[in-house]
Amino acid sequence: MTAEERLKIEEKVVEMLHTVYDPEIPVDIYSLGLVYKIDLSEDGDLTIDMTLTAPNCPMADFIMEDVRMKLESIEGVKSVQVNIVFEPEWNKDMMSEEAKLELGLL
């Protein structure tokens, strides 16, 4: 895969992550700052490190499956591994300005 192809796929990954929502919060997971790492290998294997707003989030399985299914639909992505991590611990400062505005935190 060329550097240009890789960049296009990574842009699509970010675009797709903007379509994944925690059903309890009206802001996408990328804008919330829940995605810590996007790693695309030369072979098209994609690894995502992400967290949740709370360790005991009842929607964790739903969100992970939504991420996996949407990212697997991207042309050029062969496999998707979604890792839930809790270091560093998520906090509201990780949210985009738009997300803070949407949630009335500004």
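**Notebook: salt bridges, sheet and core**

I count a salt bridge when a side-chain nitrogen of Lys or Arg is within 4 Å of a carboxyl oxygen of Asp or Glu. Both residues lie in H2, four residues apart, about one turn of the helix. Helices (H or I, at least four residues) and strands (E, at least two) are DSSP runs, numbered from the N terminus.

I noted that this is a predicted model, in which local features need pLDDT of at least 70 and side-chain atom pairs count only at pLDDT 80 or more, while totals for chains, interfaces and linings use all residues. Residues are numbered from 1 along each chain as its sequence is written, and side-chain values use heavy atoms, with hydrogens and water left out.

I looked up accessibility for the pair. Asp-66 is buried, with a relative accessible area of 14%, whereas Lys-70 counts as partly exposed at 23%. Buried means under 20% relative accessible area, exposed over 50%, and partly exposed in between (1.4 Å probe, protein chains only).

I then searched the whole structure and found six salt bridges. Glu-42 forms one with Arg-6, the closest N and O atoms being 2.6 Å apart. This pair links distant parts of the chain: Glu-42 is in the loop between S1 and S2, Arg-6 is in helix H1, and they are 36 residues apart. Glu-65 and Arg-68 meet in another salt bridge, at 2.2 Å, N to O, and both lie in H2, three residues apart.

Next I traced the sheet. It is open, with three strands in the order S1-S2-S3 and mixed pairing; two strands pair if DSSP finds at least two bridges between them. The edge strands are S1 and S3. S1 and S2 run antiparallel and are joined by five bridges. Lys-37 has Asp-49, in S2, as its bridge partner. H1 packs on the sheet, touching S1 and S2, and H2 packs on it too, touching S2 and S3.

Last, I checked the nonpolar core: buried Ala, Val, Leu, Ile, Met, Phe, Trp, Tyr and Cys residues joined through side-chain atoms within 4.5 Å. The largest one has 27 residues, and those with the most contacts inside it include Val-13, Leu-46 and Leu-71. H2 supplies the largest share, four residues. Beyond its neighbours within four places in sequence, Leu-46 is in contact (heavy atoms within 4.5 Å) with residues including Val-13, Ile-38 and Leu-71.

Terms used: Axes are lines fitted to C-alpha atoms, for helices over the stretch in contact, and angles run from 0 to 180 degrees between N-to-C directions.
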